[in-house]
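Hello,

Here is the structure I promised to pass on.

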Amino acid sequence: MNWDQIEGKWKQLKGQAQQQWGDLTDDDLDRVNGKREELVGVVQERYGLAKDEAEKQVKKFETSCNC
């Protein structure tokens with residue numbers, strides 16, 4: 001699935017993101033609102049990761065999304 005599809009279905013996919021990153025709050029996910037760079041930033045911030053590691057995790061999420 002490409003990111004445009006994820007962004008369009010964000011409300012349905014928020015649960016999957018919550019499962020992958022349990023430390024993200026509903027407010028975090030609402031703030032992201034399907035934007036890839038926002039998600040990378042929130043994951044990086046919450047988990048104290050380097051940007052490349054956060055990017056890698058978001059890429060994994062992108063390829064594993066079920067719709």
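A word on burial before anything else: a residue is called buried when its relative accessible area is under 20%, exposed when it is over 50%, and partly exposed in between, using a 1.4 Å probe and protein chains only. Asp28 has a relative accessible area of 5%, so Asp28 is buried.

Please keep in mind that this is a predicted model, in which local features need pLDDT of at least 70 and side-chain atom pairs count only at pLDDT 80 or more, while totals for chains, interfaces and linings use all residues. Residues are numbered from 1 along each chain as its sequence is written, and side-chain values use heavy atoms, with hydrogens and water left out.

**Asp28 and its surroundings**

Asp28 sits in helix α3; helices here are DSSP runs (H or I, at least four residues), as strands are (E, at least two), and they are numbered from the N terminus. Setting aside neighbours within four places in sequence, Asp28 is in contact with Asp23, Val42 and Arg46, where contact means heavy atoms within 4.5 Å.

Asn33 has a positive phi of about 50° although it is not a glycine. With 44% relative accessibility, Asn33 counts as partly exposed.

Lys35 also counts as partly exposed, at 39% relative accessibility. Which residues does Lys35 touch, leaving aside its neighbours within four places in sequence? They are Trp3 and Glu7. With Glu7 there is a polar contact of 2.6 Å between the side chains. By polar contact I mean a pair of N or O atoms within 3.5 Å; within protein, one must be able to donate a hydrogen and the other to accept it, and residues adjacent in sequence count only if both atoms are side-chain atoms. The C-alpha atoms of Lys35 and Asp4 are separated by 9.1 Å, and these two residues are 31 residues apart along the chain.

**Glu62 in α5**

Glu62 belongs to helix α5 (residues 51-64). Is Glu62 buried or exposed? At 10% relative accessibility, Glu62 counts as buried. Its side chain makes a polar contact with the side chain of Arg36, at 3.4 Å. Apart from neighbours within four places in sequence, Glu62 is in contact with Met1, Asn2, Trp3, Ile6 and Arg36. From Glu62 to Leu39 the C-alpha distance is 11 Å, and the two are 23 residues apart in sequence.

**How α4 packs on α5**

α4 and α5 pack at an angle of about 125°, with their axes 9 Å apart. (Axes are lines fitted to C-alpha atoms, for helices over the stretch in contact, and angles run from 0 to 180 degrees between N-to-C directions.) That makes α4 oblique to α5: angles under 35 degrees count as roughly parallel, over 145 as roughly antiparallel, 65 to 115 as roughly perpendicular, and the rest as oblique.

On the α4 side, Arg36, Glu37, Leu39, Val40, Val43 and Gln44 meet Lys51, Ala54, Glu55, Gln57, Val58, Lys59, Phe61 and Glu62 in α5. The residues of this contact divide into 6 nonpolar, 2 polar and 6 charged. For that count, Ala, Val, Leu, Ile, Met, Phe, Trp, Tyr, Cys and Pro are nonpolar, Asp, Glu, Lys and Arg are charged, and the others, Gly among them, are polar.

Gln44, in helix α4, counts as partly exposed at 27% relative accessibility. Not counting residues up to four places away in sequence, Gln44 touches Leu49, Ala50, Lys51 and Ala54. Gln44 and Cys65 are 21 residues apart in sequence, and their C-alpha atoms are 20 Å apart in space.

**How α2 packs on α5**

Helix α2 (residues 10-20) also packs with α5, at an angle of about 125° and with the axes 11 Å apart. These two helices are therefore oblique to each other. Trp10, Leu13, Gln16, Ala17 and Gln20 of α2 make the contact with Gln57, Phe61 and Ser64 of α5. The residues here divide into 4 nonpolar, 4 polar and no charged.
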